[in-house]
Amino acid sequence: MFPFGMSRTKKRKALSFIGRNWALLFLILMLMLFSILGKHFFGLRNFSNILLAVTTLLLLASGETFVIISGGIDLSIGFVMGFVCVTSAIIMRDLHAAGFPQAISILAGSSIGILLGLIPGFVNGVLITKLRVPPFIATLGMWGIANGLAWRLCEGFPIAFLPPKARDIGMAYIAYYSPKKGFSLFDRPVLTERADILNLMKIIPLSVLLIAILLVIFAFILSKRKFGQHTYAIGGKVDAAIRAGVNVPWHLIKVYVISSFFAACAGLLLVFKLNMGIHTQYTSSYELFAIAAVVIGGASLMGGKGSIWGTVIGVLLIGTLNNGLMMMGLPIFYRYIAIGCILIVAVLIDQLFPELVYKE
Amino acid sequence: MMDNKNLRKILIGIAGRWILIFLALEIIFFSIFGTNYFSLRNLQNILLASTTVALLATGETFVIITGGIDLSVGFMVGFSGVICAKVMVTLQAAGASQAVAISSGIIAALLLGLLPGLVNGLLVAKLRVPPFIATFGMLGIAYGFAEIICNNVPIMGLPTSVGSIGHGYLVYWLPGKVFAFLQKPENLTRLELQNLVSIIPNVTVITAIVIGIFAFILARTKFGQHTYAIGGSMDAAERAGINVKRHLIKVYMISSFFASLAGVTYVLRFITGRAPAGSARLLDAVVAVVIGGASLYGGTGTILGTVIGVLIIGALEIGLVNLAIPTYNLYIAVGCILIFAVLVDQFFPGLTRKEE
């Protein structure tokens, strides 16, 4: 039909590839740009810093991905994170103070924190499915409730005096390499000289590894299991999903519990990372950044579209941007403008080139 | 049979006005248990404290009725407030008179404040970006620019008259002696100052007038009807010959205008321009609109309902302070009221909607 049929399809394919992977390409471009412009940007230590800085956001955004694919939204995750962070820190502190062994107090704090963290998600799910409250409203209400409870528990102060082991876990790396003592797994080599300590190479933080495992499991569930297919189906068209025999209310409750679970994990991660339980009003900007990451990663707020892999790229994009702007010495608030622009561009690409993004 | 009908009528009456009843109960509760809660000064304090939320929520009502949402309004308060303060300070330093500096600061803030709304509207209407994303992006951009304009520090050193406007009252009344409009009577003794009754803050007057005008526009004009029509069904509105895109742009500009006005009143009240000024008020505003009976799916909602929603939050906030209950309980309470409001709508759809 077309005189230049071959080259046209090729061009189309190339464009379609760019359209689908623009976030990844943009991330690579940005990495190159910052490596050239910024000082000390390109290096194992800084990359490891970027990863460490985005871990909480990564967890929140992954949970949010499930919700957004199902066509909903969860605004409560930032404060659920704060709530779990404060609750488990209090339990750890009190058990530790009561003289329990560190392992028991840490385990009890973590598991009770995670379990309590599932409740907001369950309530959200029930409100949304059984009582037909719009997701935006239900989770906004939960936002207020979790915020108030967390604040009430910590009274606005950080919760300190946790078992010291908690910090060791949070700051652990998988492997250490010191020119003097060679490789060691998990155990940080005991060094006395300042120069040796500075030269110690720390490879992959333990928290990043654990999160990676968690993400791989849930990415597998989302893309390869029935549960994931149903999530996409509900987001695509609820009526069709019902006709296909999916128990939509029950499924949605599970989705909101997953989102809450990830938020709880993020809260627990904060406890281990900071060795403190912290809840501030700034926690509320987290869910907005999480939603931004999910959307940049290619999900649509209308539901039915998105992936964990895309979300990971979206999170890395935001993290790299933050870090890069900082390393270039720009004031922190430029990042708000940059993220705002990227977010809008992300959706515009989706809107203006739908055939590029969707079709092969 | 008859009894049943009457009961139904009463139920309809209660459910249709439950927020008003809730507000009344709330004020009665705090009046009984609080100290000096039901006094002219305290009730005016509730109005003053609700200024920002009231303005944001009124603009948000328009957007929510069209079925959209505007997340940028919170940081827009800081954006326009910083512009307002910056212009005032700069002009004053350049030697302009206070009146010139203040009025140009306010005009500049209100005009530049329309810009984000225009961009939001264009993105939503012309480029079909979902409102949540477009306005969320604008949130970041407005905040970033606000911080750049004020260099990350609050702008101080505003003209002195700003405070006398922002803290002024419409009427001053000293029982039996003085009765003055706008001008605070001078040369009063300490005792007289204590007895001086100040009635209706200037800021509240401005807020009430603007909200009144837009309530009229929404309820009584074609513009308002079209807003409801678009929220009800965009396709139907389009077929009915409404220029939906143009209309949506106007609606987002209205929301933006209200946010900038909130920024200006913030500057008048606090005599400073801060970038994160109204950021925490965004969610309060959305909550107020929803409590006021609007649906996030569009097509329903009124300014009167929104104002009552705002007052419910404001009365609660001041009441908790009055009872010395820590403010974090406000969040829990507001969260519960929000969910409750939607549940009432869900369970009594026949009751809350008007008899046809």
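Mentor: Start with a rule: two strands count as paired if DSSP finds at least two bridges between them. Keep in mind that this model is predicted.

Trainee: Why are strand 1 and strand 2 of chain A called paired?

Mentor: Count the bridges. Strand 1 and strand 2 of chain A share 4 bridges. The rule asks for at least two, so the two strands pair. Their sense is antiparallel. For one bridge, look at A:Tyr177, whose partner in strand 2 of chain A is A:Phe183.

Trainee: How many residues lie between these two strands in their hairpin?

Mentor: Strand 1 and strand 2 of chain A have 3 residues between them.

Trainee: What joins strand 1 of chain A to strand 3 of chain A?

Mentor: Again, 4 bridges. They link strand 1, residues 173-178, to strand 3 of chain A, and the two run antiparallel. Find A:Tyr177 again: in strand 3 it faces A:Met201. Likewise, A:Ala175 sits opposite A:Ile203.

Trainee: What is the strand order of the sheet in chain A?

Mentor: The order is 2-1-3, in an open sheet of 3 strands with antiparallel pairing.

Trainee: What makes strand 2 and strand 3 of chain A edge strands?

Mentor: Each pairs on one side only; strand 2 covers 182-185 and strand 3 covers 201-205. On average, neighbouring strands in this sheet are turned by 15° against each other, ignoring direction.

Trainee: Which helix lies across this sheet's strand 1 and strand 3 in chain A?

Mentor: Helix 8 of chain A, residues 206-224. Helix 8 runs at about 25° to strand 3 of chain A.

Trainee: Now chain B. What is the strand order of its sheet?

Mentor: In chain B, an open sheet of 3 strands has the order 2-1-3, and the pairing is antiparallel. The edge strands are strand 2 (178-181) and strand 3 (197-201) of chain B, each pairing on one side only. The twist from one strand to the next averages 10°.

Trainee: How do you know that strand 1 and strand 2 of chain B pair?

Mentor: Same test. Strand 1 of chain B, residues 169-174, and strand 2 of chain B are joined by 4 bridges and run antiparallel. At least two are needed, so they pair. Among the bridge partners are B:Leu174 with B:Val178, and B:Tyr172 with B:Ala180. The two strands form a hairpin with 3 residues between them, and B:Gly176 in the turn has a positive phi of about 85°.

Trainee: Why are helix 10 and helix 13 of chain B called roughly antiparallel?

Mentor: Read the angle. Helix 10 (residues 202-220) and helix 13 (residues 244-270) of chain B pack at about 170°, with axes 11 Å apart. Angles over 145 degrees count as roughly antiparallel, so helix 10 of chain B is roughly antiparallel to helix 13 of chain B.

Trainee: Which residues of the two helices meet?

Mentor: From helix 10 of chain B come B:Val203, B:Ile206, B:Thr207 and B:Val210; from helix 13 of chain B come B:Leu261, B:Thr265, B:Leu268 and B:Arg269. By class, this contact has 5 nonpolar, 2 polar and 1 charged.

Trainee: How many residues does each chain give to the contact between the chains?

Mentor: Chain A gives 37 residues and chain B gives 38. Helix 5 (135-154), helix 12 (284-296) and helix 14 (334-352) of chain A each supply at least two residues of chain A's side. Helix 5 of chain A has the largest share, 14 residues. Chain A's side holds 28 nonpolar, 7 polar and 2 charged residues.

Trainee: Where in chain B is the pLDDT below 50?

Mentor: Over residues 351-356 of chain B. Beyond near neighbours in sequence, that stretch has 8 contacts in the model. Where pLDDT is low, the predicted coordinates should not be read in detail. For chain B, the mean pLDDT is 87, and 96% of its residues reach 70 or more. For the complex, the predictor gives an ipTM of 0.80 and a pTM of 0.86.

Technical notes:
Residues are numbered from 1 along each chain as its sequence is written. Chains are lettered from A and ligands numbered from 1 in the order in which they are written. This is a predicted model: local features need pLDDT of at least 70, side-chain atom pairs count only at pLDDT 80 or more; totals for chains, interfaces and linings use all residues. Axes are lines fitted to C-alpha atoms, for helices over the stretch in contact, and angles run from 0 to 180 degrees between N-to-C directions. Two residues are in contact if their C-beta atoms, placed from the backbone, lie within 7 Å. Angles under 35 degrees count as roughly parallel, over 145 as roughly antiparallel, 65 to 115 as roughly perpendicular and the rest as oblique. Ala, Val, Leu, Ile, Met, Phe, Trp, Tyr, Cys and Pro count as nonpolar, Asp, Glu, Lys and Arg as charged, and the others, Gly among them, as polar. pLDDT is the predictor's confidence in each residue, from 0 to 100.
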